[in-house]
Amino acid sequence: TPYNIGSQGPRYETLFATEHCTIQRTNGGGLVERWAFRRELPMHKVCEIRERERPSIDAFFVTLKEDLK
């Protein structure tokens with residue numbers, strides 16, 4: 001059966017967000033890392049942005065891992 005939006009609450013819960021990335025938890029407990037960029041950004045700018053935001057995302061995953069211990 002298709003996913004019914006109203007029956008089980010929201011599909012994703014946002015755990016952490018930066019300017020271009022969002023970490024979300026699914027109903028099943030999985031994690032989703034979503035990046036969003038404007039289409040007109042050149043690839044080298046996208047790589048620069050990802051490198052700039054990656055340390056804060058990695059730090060979030062480390063704290064999440066420590067919380068689950």
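Mentor: Let us begin with accessibility, bearing in mind that the model is predicted. Phenylalanine 37 has a relative accessible area of 26% and is partly exposed.

Trainee: Is phenylalanine 60 buried or exposed?

Mentor: Buried means a relative accessible area under 20%. Phenylalanine 60 has a value of 13%, so this residue is classed as buried.

Trainee: How are the rings of tryptophan 35 and phenylalanine 37 arranged as an aromatic pair?

Mentor: The structure holds three aromatic pairs. In the pair of tryptophan 35 and phenylalanine 37, the centres are 5.9 Å apart and the planes make an angle of 10°. Planes under 30 degrees apart count as stacked, so the arrangement of this pair is stacked.

Trainee: Which residue lies over the face of tryptophan 35?

Mentor: The ring of tryptophan 35 has a residue over its face, at 4.6 Å from the ring centre. That residue is arginine 50.

Trainee: Which strands stand at the edges of the sheet?

Mentor: Three strands form an open, antiparallel sheet in the order β1-β2-β3. An edge strand here has a single partner, so one of its sides is left without a neighbour in the sheet. The edge strands are β1 (12–17) and β3 (31–35).

Key: Residues numbered from 1 in each chain as written. Predicted model: local features only at pLDDT ≥ 70, side-chain atom pairs only at ≥ 80, totals over all residues. Heavy atoms only, no water. Phe/Tyr/Trp six-rings, centres within 6.5 Å; stacked < 30°, edge-to-face > 60°. Buried < 20%, exposed > 50% of the residue type's maximum accessible area, 1.4 Å probe, protein only. Lys NZ or Arg CZ within 6 Å of the ring centre and 35° of its normal. Pairing = 2+ DSSP bridges. Helix = DSSP H or I, 4+ residues; strand = E, 2+ residues; numbered from the N terminus.
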